[in-house]
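Me: I am new to this structure. Please show me how to read its features, one at a time.

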Protein chains: 2
Amino acid sequence: MREDFQFRLDRLSDHRTLMALVASDAMRDATTALLTSDVVLASKVIGQETFLNDMLAQGEQVSLDLLAREAPVASDLRRVVSALWIVSNLHRMGILAVHVARTAERRGPDTEVPAEVRTIIEMMGQVAVHLSETAGRLLNGSDVSAAASLESEDDLMDTLHRQLFDALFAADWSHGVAAAIDFALLGRYYERFADQAVAVSRRVVFVITGENIGGDRTAAALDATSAIR
Amino acid sequence: MREDFQFRLDRLSDHRTLMALVASDAMRDATTALLTSDVVLASKVIGQETFLNDMLAQGEQVSLDLLAREAPVASDLRRVVSALWIVSNLHRMGILAVHVARTAERRGPDTEVPAEVRTIIEMMGQVAVHLSETAGRLLNGSDVSAAASLESEDDLMDTLHRQLFDALFAADWSHGVAAAIDFALLGRYYERFADQAVAVSRRVVFVITGENIGGDRTAAALDATSAIR
């Protein structure tokens, strides 16, 4: 029974690593679709939504079954509970990538990302992908030091978010209201994606140390959208 | 031991009902602050953030303790696990109300909400408050029928969200880029607040029926921001 439990816990861990990979690839492709006006690539990312929903449902179901049938204690209990949190964070990351792709699709094949925000969006995409890759490695190897680097990269995301809003609010913004709204919302998607990656890392720390520092609480504290202007 | 467990489960239930009340009041006050340019009221809502964070941490800690010490099964297990999800949803609702209040505070005391969006924002606020009040009653009384009404009210929120974007994108929008960005983001805060309330109701249904229909999954499917334009 214990061997079966460990086997299923390991499978749950693989499941989350896969979800992190899906979120990471989706965000990379969505950003490329946005920057290159590639509606076919955008549509490919949007098509991942059902898969993301299924992975969330499976992850939750396996975690609930493990809790119900094995009544784990101590570090095993922490692993199962954290899995419930983490699949939700990773799912949300994937959905935020889908939001980016939907924006790219709606803007259409013949649109340009304005020069004033292009580099910022490029960098936000790179930081987001790197954060999700780091979260994936954390989920694999339980390397607590990676959790700290993840938080400092999230600070970089906040700085980029601030720069994005500075560009949108600049007196010489000449691309109209619609584009400004698009990039304000896109900024929020990237920033929330980063927050969710940090929440994953906080939950991994909880598994290792038993100290619940509150994945969502931190994300909320770092969620500075409304304060940045 | 069982009596103590039931007592602590009931206290956890009270805790969530209180969180729903805090989220509801915060959203009502934040909307009033926005519509009346009342920066003092806005600042009062923003001051709730620490309290919201503490309530999340307490709710999670009590749930984790119950899981670790009592190893509950069947419907008791569902109650504890759903509590972990629900405190996170309710916390997020409170934080979104804080975002609305931050926007009101930043816009300052001498600003007007443009007539084109004023009624829509008023209604979004009313629907949001009603949704969180209904969620609070669901958490109290386990009335599954209220869950269905909550979902149809969320549809109303999506309609309002669409109307808001129509107004912002209208050719005769004359209030500038900054105001358009403010109201686009505000629209997203109200819509996400509604999604989280629906997620709470889905989790309550899970407690009663044992059927996990995925609070976050539903929220994601209903989260139509990127599709509405």
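Reply: Start with burial: a residue is buried if 20 or more other C-beta atoms, placed from the backbone, lie within 10 Å of its own, exposed if 12 or fewer, and partly exposed in between. A nonpolar core is a set of buried Ala, Val, Leu, Ile, Met, Phe, Trp, Tyr and Cys residues joined through C-beta atoms within 7 Å. This is a predicted model, where local features need pLDDT of at least 70 and side-chain atom pairs count only at pLDDT 80 or more, while totals for chains, interfaces and linings use all residues. Residues are numbered from 1 along each chain as its sequence is written, and chains are lettered from A and ligands numbered from 1 in the order in which they are written.

Me: How many residues does the largest nonpolar core have, and which have the most contacts inside it?

Reply: In soluble globular proteins, nonpolar side chains tend to be buried together. Here the largest nonpolar core has 148 residues, and A30(A), A97(A), A30(B) and A97(B) have the most contacts inside it.

Me: What is A97(B) in contact with, beyond its neighbours within four places in sequence?

Reply: Contact means that two C-beta atoms, placed from the backbone, lie within 7 Å. With those neighbours left aside, A97(B) touches A23(B), A26(B), M27(B), A30(B) and V45(B).

Me: At what angle do helix α2 and helix α4 of chain B pack?

Reply: Two packed helices are described by the angle between their axes and the distance between the axes. Helices are DSSP runs (H or I, at least four residues), as strands are (E, at least two), numbered from the N terminus. Axes are lines fitted to C-alpha atoms, for helices over the stretch in contact, and angles run from 0 to 180 degrees between N-to-C directions. For α2 (residues 39-46) and α4 (residues 74-107) of chain B, the angle is about 150 degrees and the axes are 8 Å apart. Residues of α2(B) in this contact include V39(B) and V45(B), and those of α4(B) include A97(B) and E105(B).

Me: Which residues of α2(B) are buried?

Reply: They are A42(B), V45(B) and I46(B). Seen down the axis of α2(B), the buried residues fall within an arc of 100 degrees (taken from the directions from the helix axis to the C-beta atoms), so they line one face of the helix.

Me: Why is H15(B) classed as buried?

Reply: H15(B) is buried because 20 other C-beta atoms lie within 10 Å. Its place is in helix α1 (residues 2-36) of chain B. Leaving aside neighbours within four places in sequence, H15(B) is in contact with Q58(B) and G59(B).

Me: How many helices and strands does chain A have?

Reply: Chain A has eight helices and zero strands. Of its 229 residues, 53% are buried.
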